[in-house]
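Have a look at the structure first.

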Amino acid sequence: MTSVTDASIAALAPAGSTRLSWLNSFAGLGPDFYTELQPTALPSPYWVGKNRGLARELGLEDTWLESADTLQALTGNRVLPGSRPLASVYSGHQFGVWAGQLGDGRALLLGEIDTPRGPHEIQLKGAGKTPYSRMGDGRAVLRSSIREFLCSEAMHGLGIPTTRALCVTGSDAAVRREEIETAAVVTRTAPSFIRFGHFEHFSYNDQHAQLKTLADYVIDRFYPDCREASQPYAALLEAVSERTAHLMAAWQAVGFCHGVMNTDNMSILGLTIDYGPFQFLDAFDP
């Protein structure tokens with residue numbers, strides 16, 4: 001695992017690829033919030049599924065998802081020019097118990113691109129180990145990656161706020177779970193992947209300056225009306241709570257059950273995030 005430098009990005013850049021307009025605002029928060037690193041390559045990648053409708057919404061050319069260079073980049077074998085791959089650090093409560101430091105254990109944020117729908121972050125899930133992987137291998141498997149691809153788009157179709165999957169790529173590389181499976185990478189998009197746990201991390205560690213920096217970043221980018229309130233941070237808490245309540249109600253309306261609804265899997269924007277174990281109720285009799 002090596003740090004990303006301008007030289008290494010240039011060396012790995014896909015020749016002739018569409019150049020995206022990168023903003024990388026989260027990277028501007030500074031190294032207290034993340035670790036920069038390269039993804040870990042997978043051998044002989046192949047396309048599994050492409051969300052061409054989402055690609056068009058993001059202003060990507062139709063040919064972009066057909067490119068062999070894009071396939072390599074979205075599998076983690078090359079780095080897109082202008083991106084700054086990083087894994088963010090956060091903490092959280094899991095199943096009612098404080099779990100301490102967590103972080104992006106198998107996801108890499110490539111950066112934030114300018115789109116017709118506003119800035120959107122691009123993230124690779126399954127791109128290899130990070131400093132926050134703990135005992136994990138940093139990989140995702142094909143089975144669960146397809147589930148996330150399908151369910152996140154289904155939730156979007158139901159009108160429920162969610163992260164979305166731009167594509168899934170696969171590899172025959174072996175990944176050990178309960179049995180041997182094959183590897184995959186999900187390319188996810190959202191206006192932001194900031195979680196409750198990002199705030200908890202700095203609060204628990206008494207890093208008040210970083211906590212304020214994060215809150216100001218979220219207010220300025222996503223909740224600008226809170227800046228006009230007499231107590232902007234209290235207004236932010238209220239706004240996030242309201243969005244989250246609406247999300248929970250939307251889940252209940254369709255019988256969606258999130259299997260790991262911990263604070264490290266709760267979006268500050270009220271989005272459904274991290275489709276690990278989940279299920280839909282077939283029926284409900286109160």
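## A hairpin and its strands

Strands β6 and β7 make a hairpin with 6 residues between them, and glycine 118 in that turn has a positive phi of about 95°. Strands here are DSSP E runs of at least two residues, numbered from the N terminus. A couple of ground rules: this is a predicted model, where local features need pLDDT of at least 70, side-chain atom pairs count only at pLDDT 80 or more, and totals for chains, interfaces and linings use all residues. Residues are numbered from 1 along each chain as its sequence is written, and side-chain values use heavy atoms, with hydrogens and water left out.

Leucine 108 sits opposite leucine 124 in β7. As for burial, 7 of the 7 residues of β6 are buried, so the strand is largely enclosed by the rest of the structure. Buried means under 20% relative accessible area, exposed over 50%, and partly exposed in between, using a 1.4 Å probe and protein chains only.

## Strand β9 and its partners

β9 (residues 164–176) has 10 of its 13 residues buried, so it too is largely enclosed by the rest of the structure. It pairs antiparallel with β2 (residues 46–50) over 4 bridges, and there glycine 49 has valine 168 of β9 as its bridge partner.

β9 is also joined to β10 (residues 180–190), again antiparallel, by 10 bridges. These two form a hairpin through 3 residues, and arginine 176 has isoleucine 180 of β10 as its bridge partner.

How many cavities of 30 Å³ or more does a search of the whole structure find? There are 5, a cavity being a set of points on a 1 Å grid over the protein atoms alone where a 1.4 Å probe fits but cannot get out.

Residues lining the largest cavity include Phe26, Asp104, Leu109 and His198; lining means having an atom within 4 Å of a point. β3 (86–88) and β7 each supply at least two of the lining residues.

## Cysteines

The structure holds 0 disulfides, a disulfide being a pair of cysteine sulfur atoms within 2.5 Å. Cysteine 167 is buried, at 0% relative accessible area, and its sulfur is 18 Å from the closest cysteine sulfur, in cysteine 151, so that is too far for a bond.

Cysteine 257 is partly exposed, at 34%. Its sulfur is 11 Å from the closest cysteine sulfur, also in cysteine 151, and again too far for a bond.

Technical notes. Pairing = 2+ DSSP bridges. 1 Å grid on protein atoms, 1.4 Å probe; cavity = no way out; pocket = protein on both sides within 12 Å on 5 of 7 lines; lining within 4 Å. Points joined across faces, edges and corners; volume = space filled by probe spheres on them.
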